[in-house]
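This report examines selected residues and their surroundings in a protein chain. The sequence and the structure are shown below.

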Amino acid sequence: MARLLGSAKLAVLMAGMALAPATAHAACPIELAVYGDAQSGSEIDFTPTGTSATVTNTFRMILDNNVVLNGIVMWTEGVARPNGALMFKCPEGDTTGAELAACTPWHGVIYTSDDKGSIGLLPAEGGEAPKTLILPDLGPMLRQSSAYGGNGFSKVPSDVFTLKGCQE
């Protein structure tokens with residue numbers, strides 16, 4: 001009987017050790033999340049925003065040929081939506097609306113999806129990174145941008161990016 005109890009204790013201890021690594025990992029906060037697009041190899045890397053009063057998320061999209069688009073998210077008032085914008089070579093300092101429009105190849109609401117297919121909205125910093133990001137019409141809008149072709153990027157990403165990992 002003592003031998004049976006000793007074996008049971010060992011089995012429980014080993015099972016607990018096997019489960020420990022799975023429970024030790026905390027969820028990835030959105031400001032450290034890294035997403036990838038399987039179609040083009042493009043990547044979205046979120047970074048902490050800092051102390052902005054209006055920008056709730058900051059990220060960059062890395063395309064082929066080392067083309068980098070800078071992204072921000074600002075939540076709208078009224079019907080709250082996370083409106084994202086990707087910018088390419090925008091002028092510094094005071095700019096006009098026309099100048100900003102010319103250097104913003106994509107803007108729109110950023111949606112999320114979980115493992116069950118439930119659709120949500122991109123969380124602000126501090127929230128858990130969703131499994132999937134959906135940027136509607138991203139590919140077609142980027143294909144029409146000045147960043148595409150020539151010395152720019154050549155592989156157009158899809159509208160769906162999957163969580164690849166978490167920065168440290």
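In which loop is Ser-158 found? Ser-158 belongs to the loop between helix 3 (138-143) and strand 10 (160-166). The model discussed here is predicted.

## Surroundings of Ser-158

Ser-158 counts as buried because its relative accessibility is 19%, and buried means under 20%. Its side chain makes a polar contact with the side chain of Asp-37, at 2.7 Å. A polar atom of the Ser-158 side chain also lies 3.1 Å from the backbone oxygen of Val-160.

With neighbours within four places in sequence left aside, the contacts of Ser-158 are Asp-37, Gln-39 and Leu-138.

## The largest nonpolar core

The largest nonpolar core comprises 26 residues, and Tyr-35, Ile-44, Phe-46, Met-61, Leu-69, Leu-133 and Leu-135 have the most contacts inside it. At least two residues of this core come from each of strand 1 (33-36), strand 2 (43-47), strand 3 (55-62), strand 4 (68-75) and helix 3.

Beyond its neighbours within four places in sequence, Leu-135 is in contact with Ile-44, Met-61, Trp-106, Ile-110, Asp-159 and Phe-161.

## Surroundings of Glu-125

Glu-125 is located in the loop between strand 8 (119-121) and strand 9 (132-134). With a relative accessibility of 30%, Glu-125 counts as partly exposed. The side chain of Glu-125 reaches the backbone nitrogen of Thr-49 at 2.5 Å.

Glu-125 and Pro-48 are 77 residues apart in sequence, yet their C-alpha atoms are 7.4 Å apart in space. Outside four places in sequence, the residues in contact with Glu-125 include Ile-30, Glu-31, Thr-47, Pro-48, Gly-50 and Asn-57.

Conventions:
Residues are numbered from 1 along each chain as its sequence is written. This is a predicted model: local features need pLDDT of at least 70, side-chain atom pairs count only at pLDDT 80 or more; totals for chains, interfaces and linings use all residues. Side-chain values use heavy atoms; hydrogens and water are left out. Helices (H or I, at least four residues) and strands (E, at least two) are DSSP runs, numbered from the N terminus. Buried means under 20% relative accessible area, exposed over 50%, partly exposed in between (1.4 Å probe, protein chains only). A polar contact is a pair of N or O atoms within 3.5 Å; within protein, one must be able to donate a hydrogen and the other to accept it, and residues adjacent in sequence count only if both atoms are side-chain atoms. Contact means heavy atoms within 4.5 Å. A nonpolar core is a set of buried Ala, Val, Leu, Ile, Met, Phe, Trp, Tyr and Cys residues joined through side-chain atoms within 4.5 Å.
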